[in-house]
Amino acid sequence: MTHSQHSYKRCLLVLRHAKSSWREPGMADFDRPLNHRGRDNAPDMGQKLRDEKISVDIILASTAARVRETLELLLPAWKWQGPITWEKSLYLASPETILKQLAALDDQWHSVMIVGHNPGLSQVAGQLLDKPIDLPTAGLMVLESSDIDWPTAVRSRHWHQREYWKPKEL
């Protein structure tokens, strides 16, 4: 899917990392890996993206272990091989931090995936759509805006939800 095929100017895929493990109580939150369900759900979501012929220009991702592992499992199933920008500031980021990252995107990137954590990702999706959102682990929303650039799209909030996929519904 390329931007020329649709009337939108900006497309934002919001992906929450897959389900992580709490098995090791002393482990730092940043280092927690995926659990069995998370390792199953991540490639399933990648396959869904592939089946729907969705692509992006770039991925912005938190540097947390569970985000890295989610993408390591999702990307081969999706067969997407574009650039990933790993952003430490996206680890447990506030909505304000996420929106600043989006507003700073290069305008050559029409379609972007952001991969991170709740509550920030759900709050951003909710703000852009003006309704409450609670992304489950490995949940993915595809949002579109007709605004011409990222700063305008983030400020104006002229977004609509094209897709919302939850692992349990795939």
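In the predicted model, Gln81 is exposed, with a relative accessibility of 77%. This residue belongs to the loop that runs between helix H2 (65–78) and strand S3 (84–87). Val124 lies 43 residues from Gln81 along the chain, and the C-alpha atoms of the two are 26 Å apart.

Buried positions in H2 are Arg66, Val67, Glu69, Thr70, Leu71, Leu74, Leu75, Ala77 and Trp78. An α-helix has 3.6 residues a turn, so residues three or four places apart point the same way. The packing partners of the buried H2 residues are S1, H1, S2, S3 and S4. Just after the helix, Lys79 adopts a positive phi of about 65°.

Arg66, a residue of H2, has a relative accessibility of 2% and is therefore classed as buried, the cut-off being under 20%. A polar atom of the Arg66 side chain lies 2.6 Å from the backbone oxygen of Asp29. The side chain of Arg66 also makes a polar contact of 3.4 Å with the side chain of His117. Beyond its neighbours within four places in sequence, Arg66 is in contact with His17, Ser20, Asp29, Phe30, Arg32, Leu34, Tyr91, Leu92 and His117.

Two of these contact residues, Phe30 and Tyr91, also take part in ring packing. The structure contains 3 aromatic pairs. In one of them, Phe30 and Tyr91 are arranged edge-to-face, with 5.0 Å between centres and 80° between the planes. This pair joins distant parts of the chain, 61 residues apart: Phe30 is in the loop between S1 and helix H1 (36–51), and Tyr91 is in the loop between S3 and H3. Phe30 is partly exposed at a relative accessible area of 25%, and Tyr91 is likewise partly exposed at 23%. Another pair, Trp78 with Trp80, is stacked, with a centre-to-centre distance of 5.5 Å and an angle of 20° between the planes. Trp78 is buried, with a relative accessible area of 4%, and Trp80 is buried, with 8%.

Charged side chains are also placed over aromatic rings. Lys88 lies over the face of Phe30, 5.4 Å from the ring centre. The charged end of Arg32 is positioned over the ring of Trp22, at 3.6 Å from its centre.

In soluble globular proteins, nonpolar side chains tend to be buried together. The largest nonpolar core of the model comprises 25 residues, and Leu12 and Ile114 have the most contacts inside it. Two or more residues are given to this core by each of strand S1 (10–16), strand S2 (58–62), helix H3 (95–103), strand S4 (111–116), helix H4 (120–129), strand S5 (140–145) and helix H5 (150–156). H4 contributes the most, with 5 residues. Apart from this core lies another, of 22 residues, which includes Ile59, Trp80, Leu140 and Val142. Neighbours within four places in sequence aside, Ile114 is in contact with Leu12, Leu13, Val14, Leu15, Leu60, Leu90, Ile98, Leu102 and Leu121.

Technical notes. Residues are numbered from 1 along each chain as its sequence is written. This is a predicted model: local features need pLDDT of at least 70, side-chain atom pairs count only at pLDDT 80 or more; totals for chains, interfaces and linings use all residues. Side-chain values use heavy atoms; hydrogens and water are left out. A nonpolar core is a set of buried Ala, Val, Leu, Ile, Met, Phe, Trp, Tyr and Cys residues joined through side-chain atoms within 4.5 Å. Buried means under 20% relative accessible area, exposed over 50%, partly exposed in between (1.4 Å probe, protein chains only). Helices (H or I, at least four residues) and strands (E, at least two) are DSSP runs, numbered from the N terminus. Contact means heavy atoms within 4.5 Å. Rings of Phe, Tyr and Trp (its six-membered ring) pair if their centres lie within 6.5 Å; planes under 30 degrees apart count as stacked, over 60 as edge-to-face and the rest as tilted. A charge sits over a ring if NZ of Lys or CZ of Arg is within 6 Å of the ring centre and within 35 degrees of the ring normal. A polar contact is a pair of N or O atoms within 3.5 Å; within protein, one must be able to donate a hydrogen and the other to accept it, and residues adjacent in sequence count only if both atoms are side-chain atoms.
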